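Colleague: I would like to go through the terms used for this model, one by one. Please show it to me before we start.

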Amino acid sequence: AMRFQSGSDGNADKGKDKMKNRVMTKGLVAAVAALAALAVRADAPEVVHAKDYGFNASNATEAIQKAIDTGAKTVVIDAMPTPWYINPPKLRSGLHLKFEKGAKVFADPFTFEQFKHTALINVKDVDNVVVEGSGTGPDDALVGSFPTFEERSKYCHVDEELQDGVGTANARNTVIRNLRIANCGRDGVYLGGWDRDRASINTLVENVDLNENHRQGCSIVNCIGATFRHVTFRNTRGTEPTAGLDIEPSYDVQPLEDILIEDCEFGNNDGGGLVMPMCSIYPIRVTVRRCHFKPERGRCAIDVMPRGPTYAKGKGRPDVHILVEDSTIEGYENAPAIDFLYAPLFDCTFRNLKIRQVPGRATWMYKRRCSPVEIVFNREHNGAFPSERCGLLKFENVTVEGYLTPVFVRLERR
């Protein structure tokens, strides 16, 4: 563990000011839009049922869109004898999209290729939207590109990315709750948007099962304020990275601020549980609390990977803090529980953890036995980062069980 001087890059401070200005402007625009919507829809019904607007078993998009366009605060997606096959409907601010217990919503298999890289439930350019199942558990309502893994395999090849389940872009105050989101052609949940000024702000994902998705259980790309509570990230397999949760911006001007992951479960993902290949000119804060990391099929429970070339341009240290506490991590003998790749640039604290090795082997990792924690130094990155720019790796009250290797932290240079 290495400590470096505090302080920040001047460019980063300018970036923070620009972000604050953008957020304030965005808030004013959203407020004006909300007032206009209220004026137009003052006589709208409180609740409507989408089935009353012409359910079509082949493609029911029109029924959902008509129900949304009534201006009703709540639109109910009813449990029908057959699933809802749809294209992404256009949502609006203030919408409560409620899935009845037993409702199933899938992409139209004949038209979904027209909507690649677009979420089936696309929370875009809107505020105060709730997408939730009406039951108390994530098994009560299902959203996905395909009904089964076998069906997904017919359309999604290893190197192909199709459609997300629920996605946000340029959206404030979004709630995603009480759903199973499974067999999506790309990510189960996607937070961000490709444009650098379109951050997702204040998002809650709660009581959601992200299962058998093609690229990630969830990707956090462009986000200010996100809470994941009682979420299961499992069985991701398809195209890389295939992680349970991947926190990774597309560009270094995208923020990853105030991300909280608590009371969640990870397991059996091809690309690992929580993967953090991060870089940003803004501060990054990630807190993981009371989580259970079950063994991962392919890689490690937690991967921390600074994107070195971005940080190499600056003079100060990266303003990144990661806290993992009060959690249990289980893993196989040939995969470390916690892996640092390239260079340990971030301040990371691991507190009150149980790290336990269980029988079995990860498919994509080492042939050798691994230590609970491993740090890999990459020559290219280390040339740009002298020791004074590296972060502090801190372990407090960590219990290790079942490992045959006597080494807690293993260092490797490549």
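**Terms and values**

Modeller: Asp270 is buried, with a relative accessible area of 13%. This is a predicted model, in which local features need pLDDT of at least 70, side-chain atom pairs count only at pLDDT 80 or more, and totals for chains, interfaces and linings use all residues. Residues are numbered from 1 along each chain as its sequence is written, and side-chain values use heavy atoms, with hydrogens and water left out.

Colleague: Why is Asp270 called buried?

Modeller: Buried means under 20% relative accessible area, exposed over 50%, and partly exposed in between (1.4 Å probe, protein chains only). Asp270 has 13%, so Asp270 counts as buried. Of the chain's 414 residues, 56% are in the buried class.

Colleague: What makes Arg297 and Asp270 a salt bridge?

Modeller: The term needs a side-chain nitrogen of Lys or Arg within 4 Å of a carboxyl oxygen of Asp or Glu. For Arg297 and Asp270 the N to O distance is 2.5 Å, so the pair qualifies. The two residues are 27 apart and link distant parts of the chain: Arg297 lies in the loop between β20 (292-293) and β21 (302-304), Asp270 in the loop between β17 (265-267) and β18 (274-276). In the whole structure, the search finds 34 salt bridges.

Colleague: How do you know that Glu62 and Lys66 are separated by about one helical turn?

Modeller: They are four residues apart in helix α2 (residues 61-69), which is why the separation is about one turn. Helices (H or I, at least four residues) and strands (E, at least two) are DSSP runs, numbered from the N terminus. The side chains of Glu62 and Lys66 meet in a salt bridge at 3.2 Å, N to O.

Colleague: Are Glu62 and Lys66 exposed or partly exposed?

Modeller: Glu62 has a relative accessible area of 53% and is exposed. Lys66, at 41%, is partly exposed.
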